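Good morning, and thank you for coming.

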Amino acid sequence: MNLYTITGFINSILIIVSLVGVYAQLKTIWDRKQQNASIGEVTSLLSLNQFSVSFLAYLSFFIYGYSISPFNHYIVWPRLTAALLVGMILFEIWRDRKTKASFVTFTIALALICLATIGLWMGKTIADQGRYISTKLIVVISVMIAQGYYHQIKLIYNSGSTGAVNIRMSQFILLMDVSTIAFALTMGFADGWPLLVLATTSAITKLVIMYLFRWVRTSPLAQQRRVETC
């Protein structure tokens, strides 16, 4: 068993663990609905920007995984599952807010997941094109992740509250990001650099969000901002 197989296996396990984190965020939304939270509060402080970028990141990894040779099962199936879960979060944000932006975002996400799945079954020609497209997409999404999570971080910082944001998602995804970095290094730079760039960007943003959960509990400034927004 070589290092590539070991790191790929560990990464797959931690990707599955990260799915628990994404599901925890989805469950937080469902729990808030059952608590009869008023309209507009069920998805409080969840950044539509951030979750749409997260969806694109998972989807691009899904496409990238079936586009490279050999077909990378370690990347493809867990990322497809994650994209579907984040898609459900986008659906819940739309149901809660009923805004044009949330509707358009969810509709585009639904169309993209359908097209990406069709691409999986269309064979090598589509895969060859998909590798080029997904590689460029991952680079763009790395920048978008930084921007999207900056928006989520700004929402928490300005309000002094984490709202409906679930810390477990950040914790579990951080574990996945660290293992993805290790896995990317074993793939070789030619194939692994897109994973390395995106996972590093994602890991940094998760560390900041995890720090903000502590900041919200301990900072007098956070308490003051919560009072001001009440």
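Predicted model: local features only at pLDDT ≥ 70, side-chain atom pairs only at ≥ 80, totals over all residues.

Residues are numbered from 1 along each chain as its sequence is written, and side-chain values use heavy atoms, with hydrogens and water left out.

Let me start with two helices. Helices here are DSSP runs of H or I with at least four residues, numbered from the N terminus. Helix α2 covers residues 48–67 and helix α4 covers residues 100–121; their axes come within 10 Å and cross at roughly 5°. The axes are lines fitted to C-alpha atoms over the stretch in contact, and the angles run from 0 to 180 degrees between N-to-C directions. The helices α2 and α4 are therefore roughly parallel to each other, a term for angles under 35 degrees.

Which residues make this contact, taken as heavy atoms within 4.5 Å? From α2 come L48, S52, F55, L56, L59, F62, I63 and Y66. On the side of α4 they meet A101, S102, T105, A109, L112, I113, A116, T117, G119 and L120. By class, the contact of α2 with α4 holds 13 nonpolar, five polar and no charged residues. In this scheme Ala, Val, Leu, Ile, Met, Phe, Trp, Tyr, Cys and Pro are nonpolar, Asp, Glu, Lys and Arg are charged, and the others, Gly among them, are polar.

I turn to the nonpolar core. The term denotes a set of buried Ala, Val, Leu, Ile, Met, Phe, Trp, Tyr and Cys residues joined through side-chain atoms within 4.5 Å. Buried means under 20% relative accessible area, exposed means over 50%, and partly exposed lies in between, with a 1.4 Å probe and protein chains only. The largest such core has 57 residues, of which V22, F51, F55, Y58 and F62 touch the most other members. At least two residues of this core come from each of α1, α2, α3, α4, α5 (124–159), α6 (167–187) and α7 (189–218). The largest share, 12 residues, is supplied by α2. To take one member, F55 touches A83, V86, G87, L90, A109, L112 and I113, leaving out residues up to four places away in sequence.

Next, the charged pairs. Side chains of opposite charge can pair when their charged atoms come close. How many salt bridges are counted, with a side-chain nitrogen of Lys or Arg within 4 Å of a carboxyl oxygen of Asp or Glu? The count comes to two.

One joins the side chains of D31 and K27, at 3.2 Å from N to O. Both residues lie in helix α1 (residues 3–34), four residues apart, or about one turn of the helix. D31 is partly exposed at 28% relative accessible area, and K27 is partly exposed at 37%.

The other joins the side chains of K33 and E92, at 3.1 Å from N to O. This pair links distant parts of the chain, with K33 in helix α1 and E92 in helix α3 (residues 73–97), 59 residues apart. K33 is partly exposed, with a relative accessible area of 33%, whereas E92 is buried at 7%.

Helix α1 also holds Y23, which is partly exposed at 38% relative accessible area. Leaving aside neighbours within four places in sequence, Y23 is in contact with W30 and L85. Y23 and I89 are 66 residues apart in sequence, and their C-alpha atoms are 9.0 Å apart.

Finally, consider α7 and helix α8 (residues 220–229), whose axes come within 6 Å and cross at roughly 75°. That makes α7 roughly perpendicular to α8, a term for angles of 65 to 115 degrees. W215, V216 and T218 of α7 make the contact with P220, L221, A222, R225 and R226 of α8. By class, this contact has five nonpolar, one polar and two charged residues.

Is V216 buried or exposed? V216 is buried, with a relative accessible area of 11%. Not counting residues up to four places away in sequence, V216 touches I156, G160, S161, T162, A222 and R226.

Notes: Parallel < 35°, antiparallel > 145°, perpendicular 65-115°, else oblique. Contact = heavy atoms within 4.5 Å.
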